[in-house]
Amino acid sequence: MKNVLVIYYSQSGQLKDIARNIAKPLLNSNEINVVFHEIQLEKPFPFPWDKASFFDAFPESFLQIPTQLKPVPSEILAMKYDLVLLHYQVWYLTPSIPVNSFLKSPEAKILLDKTPVVTINGSRNMWVMAQEKMKSLLKQNGALLKGNIALVDRAGNLISVITIVEWMFSGVKKKYLGIFPMPGVSDKDINESSKFGEKIKESLLQDNYDDLQDKLVAIEAVKISSYLVSVDKTANKIFTKWSNFIITKKNTRKTWLKIFNIYLLLAIWLISPIVYILHIFLYPLKFKKIKQETQYYKGV
C-alpha cells in the first residue's frame with residue numbers, strides 16, 4: 001500500500017477543487033491510501049478580502065515571514081508517506097503566507113524529509129519565481145522535488161487583473177459586468193487536471209519519478225510565457241525594495257501601503273505594457289537565452 005499526503009490551503013475553494021481532481025486517479029486505486037491535510041491558520045485571512053487586509057499582507061508575504069498555524073493532526077504526522085502532493089497559491093510573486101508558514105514549521109520537516117514531492121500551483125499567471133522560492137523551501141526540508149504542475153488563468157494579463165481583483169474583493173466567482181471571462185483557473189482545466197493524477201499514479205506505483213516531469217509537460221502541465229517571466233523577475237526586484245522599506249515603517253505602515261497600492265496600479269497599467277513592447281523588440285536578440293530559460297522553468 002502506497003501512502004500519499006495531499007496538502008493544500010484554499011480560501012475560495014479553487015485550490016481544494018484542483019487538489020481533489022488531481023487526486024481522483026489515486027483515490028480510485030486499491031493500492032493507494034490518500035490522506036488530505038488542509039493548512040489552517042490560527043488567525044485566518046479574510047475572504048472575500050477587504051482592500052486594507054489585501055495590501056497589508058504584502059510585506060510579510062513577499063519577505064516570507066511565517067504566521068501561526070494550527071497544528072498538523074498527530075495521526076497525519078505519525079504516518080510515513082511515499083509521495084506528497086503540495087498545492088499552493090502565489091501571493092505577491094511568492095508562495096502564499098499559509099503555505100510558506102507550513103514549510104517553515106517543524107511539522108514540514110517531519111513530513112517532507114527524504115520524501116518525493118510534486119508541487120501544484122493555482123495562480124493568476126506569474127508563478128515562475130514563486131516556484132524558485134518553493135524549491136528553496138523544499139530543499140531546506142530535505143524534500144525530493146519530482147514534478148511541478150502550474151494551472152493558471154488563461155485570460156490576458158491585464159484582463160485577468162480586473163477579473164481576479166473583482167473575485168477576491170467580492171468573494172463571488174462570476175463574469176464581471178457579464179462580459180469579462182470567468183476569473184481564475186477555468187472549470188475545464190480543473191476538471192481535466194485528473195490527467196496529471198494519472199501520470200503521477202503511474203510513477204508512484206512504479207517507484208520511478210525520473211521521467212515524471214517530462215510526462216507532465218507533454219500533457220501541458222506547465223506552459224511558459226517568456227514575457228511573463230521577464231515581468232516576474234523585474235517585479236521581484238521592485239517588490240524587494242518596497243517590502244523591505246514598508247516592513248520597517250511601524251507607525252506609517254498604512255500610509256505607505258496606500259502609496260504602494262497606487263504604485264502597483266501604475267506599474268500594472270503603464271509599465272507592464274511598455275515592458276511587453278520592449279520584450280517583443282528584444283526577443284530576436286535574446287532568443288537563445290529565452291529558449292534555455294523556458295526549458296529550465298518547465299523542469300524541476
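In the predicted model, a salt bridge links the side chains of Asp211 and Lys215, with an N to O distance of 3.8 Å. Asp211 is partly exposed, at 32% relative accessible area. Lys215 is also partly exposed, at 22%. Side chains of opposite charge can pair when their charged atoms come close.

A second pair is formed by Asp113 and Lys114, whose side chains meet at 3.5 Å, N to O. Asp113 is partly exposed, with a relative accessible area of 26%. Lys114 is exposed, and its relative accessible area is 62%.

Glu132 and Lys135 form another salt bridge, their closest N and O atoms lying 2.9 Å apart. Both residues belong to helix H7, where they are three residues apart and therefore separated by about one helical turn. Lys135 has a relative accessible area of 17%; because this value is under 20%, the residue counts as buried.

Helix H7, residues 128–140, also lies on the path between two paired strands. Strand E5 spans residues 116–123, and strand E6 spans residues 144–152. The two strands run parallel and are joined by eight bridges. Pro116 has Leu144 as its bridge partner in E6. From E5 the chain passes through H7 to E6, giving a right-handed β-α-β crossover.

Conventions
Residues are numbered from 1 along each chain as its sequence is written. This is a predicted model: local features need pLDDT of at least 70, side-chain atom pairs count only at pLDDT 80 or more; totals for chains, interfaces and linings use all residues. Side-chain values use heavy atoms; hydrogens and water are left out. Two strands pair if DSSP finds at least two bridges between them. Helices (H or I, at least four residues) and strands (E, at least two) are DSSP runs, numbered from the N terminus. A crossover is right-handed if, with the strands pointing away from the viewer, the path from the first strand over the helix to the second runs clockwise. A salt bridge is a side-chain nitrogen of Lys or Arg within 4 Å of a carboxyl oxygen of Asp or Glu. Buried means under 20% relative accessible area, exposed over 50%, partly exposed in between (1.4 Å probe, protein chains only).
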